Amino acid sequence: MPQISTQEFERLPLRVHDFLTGVPLHDVWAVDLPLARSGITLDEFLRTAGARSQVSCNCCENDRSRKGSLLTRSPVVRTLLNIRFFAGRLLGWDREPASTAWETFTMRLTTADRSRSLAPAGTCEGLFRIVYRFENEQLLELINRTAHAAALSALVETANGYRFYFGVYVQNVGRFTPVYMALVDPFRKLIVYPSLLRSVRASWNQAFGTD
């Protein structure tokens, strides 16, 4: 499940490129999916796979056991996340700063963005909150004491199938952000994201009957 170049990603006609101007793109990943039929959208994929959330967030405490079928966590990933969440609770990493101390990305939404979105801004989605969800592009947001992050998912039809893109944006919330990202990057890049993207392919195959 390759980490791809930012150049390939930035050539895609996505709203996020202008929308998150000034927010650093940390990295972007892609997984190729087999052709089931033409015209499948990201929203259809999410709905067909039944993937509306992955793991709970601090704004959805009652959903802590919910898992979306699109990004299913392997035992190793679950163990790493449990360790991370334990450390976060112990050290207070996952508390959101006061709303006066940060500006949500939803403040950048235009009237056209809001009318085009298929889900209301601010809806809880696993660890994140929805900024927007278009037919083939979804932007989620997370803010805590480690980083102000955004996760972009996009689905593009290619000549031989589809390509699912997953981009991560990280904005510093303080001097600890670069240190934190340096600590988690090896686990994120070598274990967590490859595992999650393999689950995207498995969900696609199950949803659309491909191999």
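Helices (H or I, at least four residues) and strands (E, at least two) are DSSP runs numbered from the N terminus.

The model is predicted, so that local features need pLDDT of at least 70 and side-chain atom pairs count only at pLDDT 80 or more, while totals for chains, interfaces and linings use all residues. Residues are numbered from 1 along each chain as its sequence is written, and side-chain values use heavy atoms, with hydrogens and water left out.

Helix H3, spanning residues 42-49, is mostly covered, with six of its eight residues buried, where buried means under 20% relative accessible area, exposed over 50% and partly exposed in between (1.4 Å probe, protein chains only). These buried positions are Leu 42, Asp 43, Glu 44, Phe 45, Leu 46 and Ala 49. They pack against strands S1 (25-34), S3 (128-133), S4 (137-143), S5 (148-157) and S6 (161-171), and also against helix H6 (176-208); contact here means heavy atoms within 4.5 Å.

**Strand S5 and its partners**

Strand S5 is mostly covered as well, eight of its 10 residues being buried. S5 pairs with S4 in the antiparallel sense and runs antiparallel to S6, where two strands pair if DSSP finds at least two bridges between them.

| Strands | Bridges | Hairpin link | Residues standing opposite |
|---|---|---|---|
| S4 and S5 | seven bridges | four residues | Leu 142 and Ala 149 |
| S5 and S6 | 10 bridges | three residues | Leu 155 and Phe 164 |

**The nonpolar cores**

A nonpolar core is a set of buried Ala, Val, Leu, Ile, Met, Phe, Trp, Tyr and Cys residues joined through side-chain atoms within 4.5 Å. The largest such core has 29 residues, and those with the most contacts inside it are Leu 33, Phe 45, Leu 155, Phe 164 and Trp 204. Two or more residues of this core come from each of S1, H3, S3, S5, S6 and H6, and the largest share, nine residues, is given by H6.

Leaving aside its neighbours within four places in sequence, Phe 164 is in contact with Trp 29, Ala 30, Val 31, Leu 33, Leu 42, Phe 45, Ser 153, Ala 154, Leu 155, Leu 197 and Val 200. A second, separate core of 21 residues includes Phe 19, Val 23, Leu 152 and Ala 154.
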